[in-house]
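Here are my notes on the model, as numbered points. Please read them with the coordinates open.

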Amino acid sequence: MALRQIRTFDDEILRKKSRMVEVVDDRIRQILNDMADTMYNAENCGGLAAPQIGILKRLVVIDMGNGLIKLVNPQIIEKQGTQEVVEGCLSIPNKWGKLIRPEKVIVQALNENGEEITLTGTGDLAKCFCHEIDHLEGILFTDLVIEYLKL
């Protein structure tokens, strides 16, 4: 188990666009495993993107309670509907806000074996897909907040 340091709002890497992964190899699988370990070690965390641990690669891990999802080069190919959601982020501790996200998204990516996959997320999973993929573009949830909350 390798825990990585979570980068916070003051780290400029969070504002940079991540690079595509050209080859899914043991090194990429190790990063994904470290990301999963780091995510599971954090409180109230459903996902983690590679920039949050200081790596500018298009990698995401998610577990919204239905098992671990590892994504390489994920992209949203379809969005449907809207939902008002509440979000927070490990990289912006103790801040919460309301946002408008799609109710349903379809994501294409590679899995940890380099195989192409297509996943559909609705509700909280759609929110999480959007949040983590935004990180790969250098977008933070605070850029999209319509109202900050005190929780």
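1. The model is predicted, so to speak of its basis: local features need pLDDT of at least 70, side-chain atom pairs count only at pLDDT 80 or more, and totals for chains, interfaces and linings use all residues. Residues are numbered from 1 along each chain as its sequence is written, and side-chain values use heavy atoms, with hydrogens and water left out.

2. Most residues other than glycine have a negative phi. Asn44 has a positive phi of about 55 degrees although it is not a glycine. Asn44 is placed in the loop between helix H1 (26–41) and strand E1 (47–49); helices (H or I, at least four residues) and strands (E, at least two) are DSSP runs, numbered from the N terminus. Asn94, also not a glycine, has a positive phi of about 65 degrees. Asn94 lies in strand E5, and counts as exposed because its relative accessible area is 77%.

3. An open sheet is formed by three strands in the order E4-E5-E8, with antiparallel pairing; two strands pair if DSSP finds at least two bridges between them. E4 and strand E8 (147–149) are the edge strands, each pairing on one side only. From one strand to the next the twist averages 30 degrees, where axes are lines fitted to C-alpha atoms, for helices over the stretch in contact, and angles run from 0 to 180 degrees between N-to-C directions. Strand E5 (residues 92–101) and E8 are joined by three bridges. Gly97 stands opposite Tyr148 in E8.

4. Helix H2 (residues 124–136) lies across E4 and E5 and runs at about 50 degrees to E4.

5. Leaving aside neighbours within four places in sequence, residues in contact with Glu87 include Lys95, Trp96, Lys127 and Phe141, contact meaning heavy atoms within 4.5 Å.

6. Gln83 is found in strand E4 and counts as buried, because its relative accessibility is 13%. The side chain of Gln83 reaches the backbone oxygen of Pro102 at 2.9 Å and the backbone oxygen of Gly123 at 2.9 Å.

7. The charged end of Lys95 sits over the ring of Tyr148, 5.2 Å from its centre. The criterion is NZ of Lys or CZ of Arg within 6 Å of the ring centre and within 35 degrees of the ring normal.

8. Strand E6 (residues 104–110) and strand E7 (residues 116–122) pair in the antiparallel sense over seven bridges. Gln108 has Thr118 in E7 as its bridge partner. The hairpin of E6 and E7 has five residues between the strands, and there Gly114 takes a positive phi near 80 degrees.

Conventions
Buried means under 20% relative accessible area, exposed over 50%, partly exposed in between (1.4 Å probe, protein chains only). A polar contact is a pair of N or O atoms within 3.5 Å; within protein, one must be able to donate a hydrogen and the other to accept it, and residues adjacent in sequence count only if both atoms are side-chain atoms.
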